[in-house]
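The sequence and structure come first.

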Amino acid sequence: MSREKTYGVIGCGWLGESIGQDWIKEEKTVIGSTTTKEKIEKLESIGISAHLLDHKQEEKDLKWLNKIDVLLLNIPPSGLKENYAKFMLHIAQNVKRDAKIIFISSTSVYANNNTEVNENSELEITRRNSAFIINAERKLSEFAKERLTIIRMAGLVGKERNPAKYMSGREINGGQTPVNLIHLEDCMGIINHIIKNNIWGEVFNASSQQHPTKEEYYTFAAKQLKVTPPVFNDKAQPYKTIECEKLIKEYGYEFKYHSPFHFPL
């Protein structure tokens with residue numbers, strides 16, 4: 001009888017905590033990380049074995065990482081900046097030598113060239129956060145090779161999280177710019193699809209296939225949420241639309257929400 005795998009969630013934020021909780025419901029063994037002592041108790045209460053993690057910790061404090069068979073690496077670069085890629089690699093080097101790794105990247109790595117982009121499109125290395133993410137992708141790929149799959153997520157929506165709330169009543173530029181969004185349930189669905197089907201050594205875009213304009217979607221969402229809709233101007237902004245045919249046609253993922261208009265609010 002094969003040993004049950006241990007799943008690791010590095011970064012138990014909005015997405016990480018949600019999928020960790022789902023894995024616990026499926027009776028998986030889940031180890032998670034957080035940067036605050038306050039979050040430890042909450043994670044432990046839902047069954048996640050929680051550990052503090054920051055980029056200043058010594059090797060001896062990271063031994064718990066060596067229990068992980070499947071690693072979800074889900075930390076944004078915002079707080080780490082120039083140290084981001086080095087820290088992502090450091091974590092990957094401390095899990096089991098044969099562990100499978102999913103790195104949650106972002107579609108912000110693509111240049112805004114007013115066109116549709118796929119996994120082979122030009123990357124944007126001039127914006128700082130994008131450069132940090134691209135560097136992390138490269139370092140992780142060089143280290144983990146065929147054990148790593150990268151998911152470049154579009155803008156994340158779900159549960160209480162919808163940009164229409166934060167835009168309420170504000171003037172927003174580029175009302176005719178298309179949006180690239182993905183619902184939490186599809187984020188988790190894609191991660192589970194990759195693990196279940198042993199899809200490793202790949203890079204995927206992840207976004208709903210329909211791309212309404214900012215004005216169309218956020219006006220609709222604001223009305224559904226019963227908040228004051230934003231005011232949009234027609235000031236042109238560079239954009240991109242995210243294509244994810246590789247995930248759908250080559251690897252058989254079926255989106256739950258093909259359009260942002262179908263997201264539950």
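Rings of Phe, Tyr and Trp, with the six-membered ring used for Trp, pair if their centres lie within 6.5 Å. In this predicted model, ring pairs link Tyr-217, Tyr-218, Phe-220, Tyr-257, Phe-261 and Phe-263 into a cluster.

**Aromatic pairs**

A search of the whole structure gives ten aromatic pairs. In one of them, the rings of Phe-204 and Tyr-251 have centres 5.1 Å apart and planes at 80°, so the pair is edge-to-face. Phe-204 belongs to strand 11 and Tyr-251 to the segment after helix 8 (245-250), so this pair ties together parts 47 residues apart in sequence. Phe-204 counts as buried because its relative accessibility is 0%. Tyr-251, at 24% relative accessibility, counts as partly exposed.

Tyr-217 and Phe-263 form another edge-to-face pair, with ring centres 6.4 Å apart and planes at 75°. This pair also links distant parts of the chain: Tyr-217 is in helix 7 (residues 214-225) and Phe-263 in the segment after helix 8, 46 residues apart.

| Residue | Relative accessible area | Class |
|---|---|---|
| Phe-204 | 0% | buried |
| Tyr-251 | 24% | partly exposed |
| Tyr-217 | 0% | buried |
| Phe-263 | 4% | buried |
| Arg-170 | 45% | partly exposed |

**Overall build**

The chain has eight helices and 13 strands. For 265 residues, a compact globule would have a radius of gyration near 18 Å; the chain has 19 Å, which agrees. Along the principal axes, the C-alpha atoms fill a box of roughly 55 × 40 × 35 Å. Of the 265 residues, 51% count as buried. The accessible surface comes to about 13300 Å², and 48% of that area belongs to carbon and sulfur atoms. Among contacts between residues at least 6 apart in sequence, 76% join residues at least 24 apart.

In soluble globular proteins, nonpolar side chains tend to be buried together. The largest nonpolar core here has 35 residues, of which Trp-23, Ile-102, Ile-151, Ile-190 and Ile-191 touch the most other members. Elements that give two or more residues to this core include strand 1 (6-10), helix 1 (14-25), strand 5 (100-106), strand 7 (148-153) and strand 11 (203-206). Helix 6 gives the most, with seven residues.

Which residues are in contact with Ile-102, leaving aside its neighbours within four places in sequence? They are Leu-71, Leu-72, Leu-73, Thr-149, Ile-151, Ile-191, Ile-194, Ile-195 and Trp-200. A second, separate core has 33 residues, among them Leu-80, Tyr-110, Ile-133 and Ile-242.

**The loop at Arg-170**

Arg-170 sits in the loop between helix 5 (163-167) and strand 9 (171-172). Its relative accessible area of 45% is why Arg-170 counts as partly exposed. The side chain of Arg-170 reaches the backbone oxygen of Tyr-166 at 3.0 Å. Not counting residues up to four places away in sequence, Arg-170 touches Pro-230 and Val-231. The C-alpha atoms of Arg-170 and Val-231 are separated by 6.0 Å, although the two residues are 61 residues apart along the chain.

Note on methods: Residues numbered from 1 in each chain as written. Predicted model: local features only at pLDDT ≥ 70, side-chain atom pairs only at ≥ 80, totals over all residues. Heavy atoms only, no water. Helix = DSSP H or I, 4+ residues; strand = E, 2+ residues; numbered from the N terminus. Buried < 20%, exposed > 50% of the residue type's maximum accessible area, 1.4 Å probe, protein only. Contact = heavy atoms within 4.5 Å. Polar contact = N/O pair within 3.5 Å; in protein donor to acceptor, adjacent residues only side chain to side chain. Core = buried A, V, L, I, M, F, W, Y, C linked by side-chain atoms within 4.5 Å. Rg over C-alpha atoms; globule rule 2.2 N^0.38 Å. Areas by Shrake-Rupley, 256 points an atom, 1.4 Å probe, with all protein chains shown as cover. Phe/Tyr/Trp six-rings, centres within 6.5 Å; stacked < 30°, edge-to-face > 60°.
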